[in-house]
Structures are given as C-alpha cells and as structure tokens.
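The sequence and structure are shown first.

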Amino acid sequence: MNARTRALIAAALVLGVAAGPSVLPAAAHAPVAAADRGGVPAGDAERLAAAIAGLPRPDATAALVRVGGTEGSWRGSSGVHDLRSNRPADPRARFRAGSVTKVFTAATVLQLAAERRIDLDRTARSYLPELIPVAYGDVTVRQLLNHTHGIPAAKMAARTVEERYALRFERHDPREMVRSATGQAREFAPGTQQHYLNIGYTVAGLLIERVTGESYERTVQRRILGPLGLRGTYLPGTSPRIQGPHNHGYQLMTLEDGSRGLRDVSVWGPTGGWAAGDIISTTADLERFTKALFAGRVVRGPLLEEMFTLPRLNGELLPAYRSDEPAAYSVGLSMKRLGGREVWGKTGGRWGYNAAIASTRDGSRTLVYSVNSTDAKGQDMNQVAAALMVGAYGPPTP
C-alpha cells in the first residue's frame with residue numbers, strides 16, 4: 001500500500017466520505033441504505049453503514065457490500081439503480097469487477113502448475129516462442145503473475161477518458177497487445193522490481209490457451225466458475241453489455257457542450273482488459289469464491305502459498321518501480337496491513353465500477369464490495385471504498 005492510499009484510507013476513517021467531484025444531477029435522491037447485520041460487532045456495523053450512507057453522492061451512485069467470516073456477517077446496499085429512474089440499487093446486481101479477474105487467472109495458472117502442465121520457473125517464451133521475443137526470453141511464468149517481469153504496458157491510441165469513451169467499442173486483440181508491449185524496451189531486469197500492469201496477465205491468458213488447447217474463457221468456466229456454482233459470474237468475450245440485472249455505472253468527464261458531467265458508461269467494450277480485467281460478477285458469487293480460495297478449495301496444496309508470498313531478492317522485498325514503496329503484490333493478490341493484521345485481496349476498476357475481494361488469511365473476516373464510482377479508474381482510491389475497508393478491518397497499520 002503506497003503512502004497516498006494509506007493517507008486516503010485514514011482520511012476516510014476520520015472525515016467520512018463527503019469529498020468528491022461536485023457534479024450530480026439535481027434529480028438524484030438518496031434512498032435509505034438497506035443493511036442486514038448478522039453478528040458483526042456493533043461498531044463495525046455502524047462504520048460499514050456509514051460508509052455507504054447518503055448515496056448517490058458526487059463520487060459514487062451505488063454500493064453493494066458483503067462482509068462474512070467467523071467474526072460475523074453484514075450485508076448492505078445503497079444508492080440507485082440509475083440516475084433517471086432513481087430506483088434503489090439492486091443488491092443482487094451484476095457489475096464489472098475489473099482486475100479481480102487477475103485472481104481467477106492466477107488461480108487457473110496455479111491449478112495447471114499443480115498438474116505439472118505449467119512450470120512457474122519456466123520462461124513464458126518457452127510456451128509462446130512465436131510471440132515472446134528474445135529480448136524478453138528470460139521472463140518466467142511466476143514473474144508474469146507477480147508483476148516483476150519488466151514488460152511495459154501495451155501502447156493504446158486513447159489517453160484521456162473522453163478519448164477512451166469515443167473508442168469504447170474498439171476491439172483489442174491480446175496477441176497484438178503483447179506484440180505492442182514487447183516491441184518496447186523493458187522497464188527493468190526481470191525479478192528486480194515490481195510494476196503492477198495488466199500485460200503480464202494478458203500473456204498468462206494466452207499461456208492458458210496454449211497449454212489447454214481451449215479458450216481462456218472456457219478454461220476458467222470449466223475449472224472455477226462451474227465447480228463453485230458461480231452462476232452470476234461470466235467472462236463477456238467481446239460483448240460490451242452487462243447481461244442481466246445491473247446498476248448503471250457513471251463516469252465524470254467533459255461533455256459535448258464543454259461542461260463537466262456524468263455520462264452513463266454501463267455499455268463499454270471489455271477486450272482491453274481480457275484475462276487481466278474483464279470478469280462480470282455479483283457480490284454473492286465473489287464472496288463464495290473468496291471463501292473457497294482462502295480455504296484452499298480452488299488452488300490446492302503448497303501452490304496456494306504463491307498467492308500469499310510477496311517477491312523478494314536476497315531476503316528483502318523488491319522495490320516498487322519508480323517508487324520508495326516495497327512490493328505489495330503476490331501471485332494474483334495484494335496485501336495491506338489494516339487494523340493490526342494482514343489483509344489479502346484484490347481491487348478492480350472498470351469505467352463506472354470499482355470492486356474488491358479481501359480476507360484475513362484465516363478467513364475470519366471477508367469483504368466484497370461493488371461501488372459505482374464516478375471516477376473508477378482515477379489515481380486515488382474511491383472514498384466510499386476506502387471507508388468500507390476501514391469499516392471492515394480498521395485503519396492502516398504503520
């Protein structure tokens with residue numbers, strides 16, 4: 001967790017979550033938050049309820065939350081289904097979970113590694129020799145998954161959110177994205193620094209397809225979604241629409257008349273994320289997945305430890321790329337210290353939607369949320385999401 005995120009989470013605890021862009025249609029009305037307290041301590045329940053109270057607000061239009069584990073459960077929803085009808089948010093709605101997809105991708109690779117179909121210490125080039133050039137020939141599969149590969153991001157035509165919105169239906173081919181990335185100079189020698197990027201998981205998705213002989217989507221469905229009964233979860237392929245019930249997502253941007261306002265971004269092509277960020281799910285499904293993952297029912301045996309191991313060199317945590325912070329990402333997950341204990345999980349952001357899964361290692365407290373953020377891919381963590389982390393686990397631990 002970097003210093004900026006620590007400060008934001010701490011501010012959410014002290015100040016609440018009133019800050020945010022001051023653009024919201026005047027017709028918006030805040031329905032009463034619906035909550036179901038199932039045994040969590042009263043103080044925790046109060047903080048969680050406060051975190052999602054008053055939606056829609058300028059920084060978020062809806063929130064869906066599930067807290068579980070042996071310490072008790074809590075469920076809550078707040079905000080609106082959409083800003084036109086002003087109907088209450090649907091707590092069973094599907095949403096774009098963004099980079100939470102990486103946990104499913106990493107778990108699939110680790111399953112294949114347990115079956116000895118993938119070797120984490122082998123190079124990616126040995127599996128994809130026609131795609132990975134010699135310049136990146138020493139990057140291992142493990143380094144793809146823990147962001148220590150040194151491959152830069154693929155070049156994209158759009159830079160601003162307005163440009164990206166105009167090109168939202170453009171289709172991105174994963175192989176072309178890998179060629180774009182590996183056609184550039186590497187950022188650092190593999191295994192010496194950590195830089196969180198999507199590109200390692202794009203390669204991992206192609207690696208899954210090469211090893212299994214079937215599509216990435218089919219493999220994840222057959223190995224994880226189906227066995228766990230995650231019927232509300234799916235990989236959208238090229239479809240830009242969210243199937244089934246969903247609360248609309250909005251993004252603050254410059255509109256045609258030059259003013260700043262919210263635009264409905266619920267329909268958006270997913271191919272730029274693919275194996276790194278395109279999954280669509282529900283809070284109930286992600287809670288079931290999180291509990292199964294941490295209990296060792298998704299990745300079995302010693303390979304599960306890869307998801308709880310931060311990369312080191314000579315016994316020291318690797319430095320983050322161009323930062324004074326240490327590495328915070330393992331294979332598929334990341335780690336934060338909150339309330340005096342380690343919390344492992346993964347956040348995700350797609351336009352209009354922020355999501356997260358989190359748990360203590362022993363499963364005593366799990367958290368899943370979807371927040372319809374109006375700047376879901378902004379530099380700072382959404383303040384509703386930050387307050388939910390604090391409400392579930394406590395403030396950042398120095």
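## Surroundings of Ser-359

Leaving aside neighbours within four places in sequence, Ser-359 is in contact (heavy atoms within 4.5 Å) with Thr-290, Phe-294, Glu-342, Val-343, Trp-344, Arg-365, Thr-366 and Tyr-393. Ser-359 belongs to strand S12, which spans residues 353-360. Helices (H or I, at least four residues) and strands (E, at least two) are DSSP runs, numbered from the N terminus. The relative accessible area of Ser-359 is 1%, and the residue is buried; buried means under 20% relative accessible area, exposed over 50%, and partly exposed in between (1.4 Å probe, protein chains only).

## Basis of the description

The model is predicted, with local features requiring pLDDT of at least 70 and side-chain atom pairs counting only at pLDDT 80 or more, while totals for chains, interfaces and linings use all residues. Residues are numbered from 1 along each chain as its sequence is written, and side-chain values use heavy atoms, with hydrogens and water left out.

Helix H2 (residues 42-52) has Asp-44, Ala-45, Leu-48, Ala-51 and Ile-52 as buried residues. Seen down the axis of H2, these buried residues fall within an arc of 125°, so they line one face of the helix; the arc is that of the directions from the helix axis to the C-beta atoms. Just after H2, Gly-54 takes a positive phi of about 80°.

H2 packs with helix H11 (residues 383-393) at an angle of about 175°, the axes being 8 Å apart. Axes are lines fitted to C-alpha atoms, for helices over the stretch in contact, and angles run from 0 to 180 degrees between N-to-C directions. H2 is therefore roughly antiparallel to H11; angles under 35 degrees count as roughly parallel, over 145 as roughly antiparallel, 65 to 115 as roughly perpendicular and the rest as oblique. Asp-44, Arg-47, Leu-48, Ala-51 and Ile-52 of H2 make the contact with Val-384, Ala-387, Leu-388, Val-390, Gly-391 and Ala-392 of H11. The residues of this contact comprise eight nonpolar, one polar and two charged. Ala, Val, Leu, Ile, Met, Phe, Trp, Tyr, Cys and Pro count as nonpolar, Asp, Glu, Lys and Arg as charged, and the others, Gly among them, as polar.

## Helices H7 and H8

The buried residues of H7 (residues 174-182) are Pro-174, Met-177, Val-178, Ala-181 and Thr-182. Viewed down the axis of H7, they fall within an arc of 120°, so they line one face of the helix. H8 is included in what covers them.

The axes of H7 and H8 (residues 199-212) come within 10 Å and cross at roughly 130°, and the two helices are therefore oblique to each other. Pro-174, Arg-175, Met-177, Val-178 and Ala-181 in H7 meet Ile-199, Thr-202, Val-203, Leu-206 and Arg-210 in H8. By class, this contact of H7 with H8 has seven nonpolar, one polar and two charged residues.

## Helices H3 and H9

Helix H3 (residues 101-114) and helix H9 (residues 216-228) have axes that come within 10 Å and cross at roughly 80°, which makes H3 roughly perpendicular to H9. From H3, Thr-101, Phe-104, Thr-105, Ala-107, Thr-108, Gln-111 and Leu-112 meet Tyr-216, Thr-219, Val-220, Arg-223, Ile-224 and Leu-225 in H9. The contact of H3 with H9 has seven nonpolar, five polar and one charged residues.

## Pro-302

Pro-302 is placed in the loop between helix H10 (283-294) and strand S8 (312-313). The residue is exposed, with a relative accessible area of 72%.
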